[in-house]
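These are my notebook entries on one chain, written as I went through the residues and elements I wanted to look up.

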Amino acid sequence: MKLLIVEDERRLADAMAQNLRRQNFDVDVAYDGEEGLLNALSGVYDVVLLDIMMPKKDGLSVLSELRAEGVQTPIILLTALGEVEDRVRGLDRGADDYLPKPFKTEELVARIKAVTRRRGTFRQDGILAFGDIELNPLSLVLACNGKTFTLTQKESHLLEYLIENKDLRLSSNSIIEKVWGYDSDAEDGNVQAYMSFLRKKLAALGSGVRIGNVRGSGYMLEHGEV
């Protein structure tokens, strides 16, 4: 899962990012509202963690502009304990949740899972499923037919994106933006390599899930008999 932290307190932002990466999240950080807005408008993030009080552009303004542009990414506001009115305004403007500072990583992870579950990204137990496979994005474990593989973080993010968009054919460009980042220098060859890694692991598990590819069209999960 790809997260964006928008927080001007660099020490806090970097500590949050480090803790979330240990939980196998893919995390980018923006240190002011203008940078955060630009990043969030890319649409590549699954959740935005947004501080309210920031330089250049405050969090509520960022939130309003994102919703006005049609960006429906779940947003969790990070607030000081006394900012009750700001929390109410944030929820009215389209925030999905808020979390008062200070907070523990465990609570933050629980809130992230809750807002993505409400948007239909996760099952109640946090597992993503397609056909005969199940993926735990936090532990990176891929399971099928009683067998398991622990994926690399990049493999897990790639498979997660495919499962979340199981009814769509995804272009290499969209995959690169989502899995590697919109400012990445990754190329089509990187996508092909990781698709090959996933295909081999699916085959080793005896799964009926296949990663279809139509040249010039993109990649899509398919399921049938082995």
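**Entry 1, Asp46.** I began with the side chains of Asp46 and Lys178, which are joined by a polar contact of 3.0 Å; by polar contact I mean a pair of N or O atoms within 3.5 Å, where within protein one must be able to donate a hydrogen and the other to accept it, and where residues adjacent in sequence count only if both atoms are side-chain atoms. The side chain of Asp46 also reaches the backbone nitrogen of Lys2, at 2.7 Å. I note that this is a predicted model, in which local features need pLDDT of at least 70 and side-chain atom pairs count only at pLDDT 80 or more, while totals for chains, interfaces and linings use all residues. Residues are numbered from 1 along each chain as its sequence is written, and side-chain values use heavy atoms, with hydrogens and water left out.

Where does Asp46 sit? I found Asp46 in the loop between α2 (33–40) and β3 (47–51); helices (H or I, at least four residues) and strands (E, at least two) are DSSP runs, numbered from the N terminus. Asp46 counts as buried because its relative accessibility is 13%, buried being under 20% relative accessible area, exposed over 50% and partly exposed in between, with a 1.4 Å probe and protein chains only. Leaving out residues up to four places away in sequence, I listed the residues that Asp46 touches, among them Met1, Thr73, Pro74, Thr116, Glu160 and Glu164; contact here means heavy atoms within 4.5 Å.

**Entry 2, the parallel sheet.** I then followed the open sheet of five strands, whose order is β2-β1-β3-β4-β5 and whose pairing is parallel; two strands pair if DSSP finds at least two bridges between them. β2 (26–30) and β5 (97–100) are the edge strands, each pairing on one side only. Strand β1 (residues 2–6) is joined to β2 by five bridges, and in that pairing Ile5 stands opposite Val29.

Which residues of α1 are buried? I noted Ala13, Met16, Ala17 and Leu20 as the buried residues of α1. Seen down the axis of α1, these residues fall within an arc of 100 degrees, so they line one face of the helix; the arc is that of the directions from the helix axis to the C-beta atoms. On the other side of α1, Arg11 and Arg22 are exposed. Asn24, in the loop between α1 and β2, has a positive phi near 75 degrees although it is a residue other than glycine, and Asn24 is buried, with a relative accessible area of 19%.

Lys56 is another non-glycine residue with a positive phi, of about 70 degrees. Lys56 lies in the loop between β3 and α3 (59–68) and counts as exposed, at 61% relative accessibility. In the loop between β5 and α5 (105–118) I came to Pro102, where the peptide bond from Lys101 to Pro102 is cis, with omega near -5 degrees.

Strand β7 (residues 133–136) has a covered face with Ile133 and Leu135 and an uncovered one with Glu134 and Asn136. In a regular strand the side chains alternate between the two faces of the sheet. Three bridges join β7 to strand β6 (residues 128–130) in an antiparallel arrangement, with Phe130 opposite Ile133. The hairpin of β6 and β7 has two residues between the strands, and Gly131 there takes a positive phi near 55 degrees. β7 also pairs with strand β8 (residues 141–144), again antiparallel and over three bridges, and Val141 in β8 is the bridge partner of Asn136. Four residues lie between β7 and β8 in their hairpin, and Leu140 in that turn has a positive phi of about 70 degrees.

Is Ser156 buried or exposed? Ser156, in helix α6 (residues 153–164), counts as buried, at 0% relative accessibility. Apart from its neighbours within four places in sequence, Ser156 is in contact with Leu135, Pro137, Leu140 and Leu151.

My last look was at α8 (residues 188–204), where Val191, Met195, Leu198, Lys201 and Leu202 are the buried residues. Down the axis of α8 they fall within an arc of 125 degrees, so they line one face of the helix, whereas Lys200 and Ala203 on the other side are exposed. Just after α8, Gly206 takes a positive phi of about 75 degrees.

Methods: Expected span 1.5 Å × (residues − 1).
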